[in-house]
Amino acid sequence: MSSKALVSRFALLMLISLMIGALSHFSWGLNGQQTLSVTIFLIIILATLFFWNFRLAIAFIGLPVLILTDALKLEGFKTHCSLEVILFLVGMMVVVGGLRDLGFFTWIIQNILKMKGMTGRRFVLITAVVSALSASAVDEVTSILFMAALVFQVCDVLKVRPIPFLIICVMATNVGSAGTMLGNPVGILIGSKAGLTFEDFMLWSFPVMLLALAATIALLMAWYRDEIAQLDQRLAQRRGHDFPLGPTVKVPYMRGLMLIVGTIGLVSLHHRIELLLELETNTVLYMAPLISAGIVMIWRRERARYYIEHDVEWWTLIFFLMLFGVASTLQYTGVTTEIATSFSSLFEGQSELLMPAVIVLSALGSAFVDNVIFVSAFIPVVQELTGGVSVHPLWWALLFGACFGGNITMIGSTANIVALGMLEKRYRTRIVFMEWFRVGLAAGFTASLVAWLSLLVTSSMMIGS
Amino acid sequence: MNQQTPTNNIPLSSLFSSDEIICSSTELDEEEMLHTLIERIGNSGKLRDIEEAFTIIIQLKCCSLTYLLPEVAVFHARIPSMKSLGIALAVIPSGIECCWTTGETKTVKLAVLVLTPHKEPGGYIRTITAISRICQRKGFLTNLYKTAEPEKVWDYFDQADMQLPEFVTAGDIMRTTFHSLRDTDSLSEAIDAFCRYGISELPVLDVDGDLVGVVSEDELIRICLPEYITWMEDLSAILDFQPFAEILLREKDMPVVEISILADRYATVEETTPAIQVAKVMMRRDVRRVLVVRENRLLGIITIQDIINKIMRA
């Protein structure tokens with residue numbers, strides 16, 4: 001980046017932050033400490049977005065600035081940095097490393113490649129569903145890593161353009177990541193802050209995710225019907241020659257299957273175990289991946305160090321840790337209470353509009369800002385609005401908006417960025433912003449609409465439960 | 001050869017005089033001829049140390065001798081003591097036997113000696129390009145061999161009005177003879193070709209000679225051992241190369257285009273592309289060879305070895 005661009009970006013972010021800070025003081029009536037908190041928070045967040053490669057350095061500097069200006073206390077950081085979420089993610093990343101080594105993902109891909117009578121539509125349906133379900137089971141990034149490899153393999157063999165099929169998998173991944181707490185860091189974050197259990201996700205989120213997935217797949221199949229027809233044609237030609245889509249080998253998949261079933265089983269039963277052992281809510285949830293990870297590291301001891309050093313994304317996790325702490329400044333200074341009060345006043349008498357407002361806001365926020373950043377900042381607002389009720393439609397509205405909104409733009413979610421990176425590396429090609437945005441907006445809107453309608457139906461059941 | 005490259009208005013004939021031309025009707029020894037040509041350049045004042053130049057030419061014979069056209073050979077070297085580019089010609093209608101490092105001998109009737117200073121890596125290439133173009137003109141060589149006197153030889157070159165190209169193009173440095181496959185060939189033939197010729201990539205052409213794609217050893221291995229299999233840490237299930245067996249079962253039936261990289265994804269350049277651009281394409285695309293095409297018709301191949309030989313050791 002040239003010096004001129006650097007200075008311009010810095011000046012812009014300072015201008016925006018100071019303007020909003022001033023606005024918050026003079027128009028919204030925030031006090032001095034609150035204004036300072038908002039301003040510094042915005043500087044940190046905008047700097048993170050404008051200088052993405054330096055986000056960790058910015059967080060490292062931003063946090064002490066908040067503490068030293070008394071916009072945040074050290075104790076507050078320790079309380080709100082959500083270390084349990086970080087440990088949860090560490091555990092899951094080690095488990096994913098183990099699954100990869102054990103051939104679990106190889107086995108899934110081979111099973112798809114071996115399917116008889118594969119057509120274009122069937123391939124798209126299968127890859128989309130597997131993308132979504134694997135995102136729910138492990139995480140969105142892992143899901144897209146191995147689904148992208150499958151898409152590239154098939155498209156290379158059939159000599160078709162991979163971009164449409166990659167987009168379909170990525171969008172299905174983002175939708176699927178809302179299904180459970182495992183799919184997306186925002187899921188575990190919301191679950192942690194709201195006191196939601198895995199069972200709550202399975203009851204209220206997973207069915208909505210399935211409906212949204214069906215709607216998204218239908219949309220994408222119609223959108224890319226020409227490309228799917230071409231894929232169909234090439235598949236038929238290949239079937240005619242009896243050539244496989246890729247070599248298949250004997251994979252000892254049972255070990256990997258046992259590992260994932262065991263991990264998900266422990267996670268899914270966490271609430272029952274907590275009740276039995278009279279433990280605090282979600283204790284077992286956070287510990288389950290660590291237990292699995294520990295078992296993997298003993299079982300595959302020659303690879304244990306590798307899992308920790310290479311499979312755990314420390315750069316990202318430390319950034320999350322700092323980010324959660326930075327976001328808590330708004331809560332500490334009472335800004336979130338003010339925002340929540342404003343929200344309530346705005347929608348007074350029209351509380352039914354609050355839900356779609358949260359969905360839209362979180363979707364748009366997620367589309368242009370990293371969804372973890374957005375959700376971290378918005379959680380305290382929703383906490384105020386829900387009045388401490390855990391199973392509340394606004395939490396799900398936040399979750400769905402944050403996950404589904406990730407489909408709207410190329411930068412909307414980590415899965416998008418990972419997929420685009422793989423595409424560029426392999427094919428030296430990029431997706432044009434508008435190519436993604438047009439279909440992304442349609443997909444994001446469709447899934448969000450399904451989510452809203454579902455919440456309308458289920459919200460009354462939720463608050464009473 | 002391309003005639004559309006801009007020239008820098010330096011006539012080829014201005015780089016040498018009739019004093020640097022020998023016309024011999026008697027049999028000459030190859031080394032005698034070279035020594036004489038070097039002496040002639042030395043006499044022109046461009047070269048200080050004749051023996052140094054002779055030693056360098058002989059020592060670097062492996063890469064300093066180019067068989068440009070039938071019966072036309074170019075000897076070249078970069079000499080530290082050269083002040084400017086020097087050219088000397090030997091026209092030997094009866095032919096002289098020149099020995100290549102392969103042990104093969106060829107009859108040469110026009111021998112060109114090009115000596116360039118160290119600081120001009122492109123000078124030789126531009127000179128040889130001009131010489132190649134002029135010699136390819138219809139009847140040029142035939143008439144040249146009938147010319148018995150150095151002054152008339154020089155006049156002949158001068159009248160041909162060939163100028164040095166401003167820059168060397170892909171077409172000037174490409175290899176025009178290369179191995180290839182047809183789009184109707186099978187995978188079996190591709191594997192045989194890799195083993196037989198010891199090269200890592202083969203262009204695939206259709207019946208008209210148009211480039212369809214490129215098949216590479218890397219791609220062949222990747223087909224047999226795709227990424228999703230390499231994720232597994234424990235490969236004991238495939239110690240006997242089972243995935244390779246699946247592909248080999250079909251090698252006679254599988255057309256080579258099934259495993260070829262499509263032409264639009266391969267590094268290709270037009271023949272008029274500057275040679276420096278070719279080097280840039282190689283670096284940018286991280287490839288060791290580039291295909292030279294004219295409207296998708298494959299004309300030649302440039303390898304990184306060609307860049308090293310023709311530019312760095314010219």
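Which residues do ring pairs link into a cluster? They are A:Phe104, A:Phe105, A:Trp107, A:Phe146 and A:Tyr253. Keep in mind as you look around that this is a predicted model.

## Rings that pair up

Searching the whole structure turns up 16 aromatic pairs over all chains. Take A:Trp52 and A:Phe319: their ring centres sit 6.1 Å apart and their planes are at 75°, so this pair counts as edge-to-face. A:Trp52 is in the loop between helix 2 (32–50) and helix 3 (55–68) of chain A, while A:Phe319 belongs to helix 17 (residues 314–332) of chain A, so the pair ties together parts 267 residues apart in sequence.

How well covered are these two? A:Trp52 is partly exposed, at 29% relative accessible area, whereas A:Phe319 is buried, at 3%.

Chain B has an edge-to-face pair too: B:Phe241 and B:Phe244 have ring centres 5.1 Å apart and planes at 80°.

## Where the chains meet

Now look at the place where chain B touches chain A. Here 28 residues of chain B are in contact with 31 residues of chain A. Together the chains bury about 2,500 Å², and carbon and sulfur atoms give 57% of that area.

Between the two chains there are three salt bridges. One of them joins A:Arg303 to B:Glu233, with the closest N and O atoms 3.6 Å apart. There are also six residue pairs in polar contact.

On chain B's side, the elements giving two or more residues are helix 9 (217–224), helix 10 (227–230), helix 11 (242–248) and helix 12 (275–285). By class, that side has 15 nonpolar, one polar and 12 charged residues.

Conventions:
Residues are numbered from 1 along each chain as its sequence is written. Chains are lettered from A and ligands numbered from 1 in the order in which they are written. This is a predicted model: local features need pLDDT of at least 70, side-chain atom pairs count only at pLDDT 80 or more; totals for chains, interfaces and linings use all residues. Side-chain values use heavy atoms; hydrogens and water are left out. Contact means heavy atoms within 4.5 Å. Buried area is the accessible area (1.4 Å probe) that two parts lose on being put together, summed over both. A salt bridge is a side-chain nitrogen of Lys or Arg within 4 Å of a carboxyl oxygen of Asp or Glu. A polar contact is a pair of N or O atoms within 3.5 Å; within protein, one must be able to donate a hydrogen and the other to accept it, and residues adjacent in sequence count only if both atoms are side-chain atoms. Helices (H or I, at least four residues) and strands (E, at least two) are DSSP runs, numbered from the N terminus. Ala, Val, Leu, Ile, Met, Phe, Trp, Tyr, Cys and Pro count as nonpolar, Asp, Glu, Lys and Arg as charged, and the others, Gly among them, as polar. Rings of Phe, Tyr and Trp (its six-membered ring) pair if their centres lie within 6.5 Å; planes under 30 degrees apart count as stacked, over 60 as edge-to-face and the rest as tilted. Buried means under 20% relative accessible area, exposed over 50%, partly exposed in between (1.4 Å probe, protein chains only).
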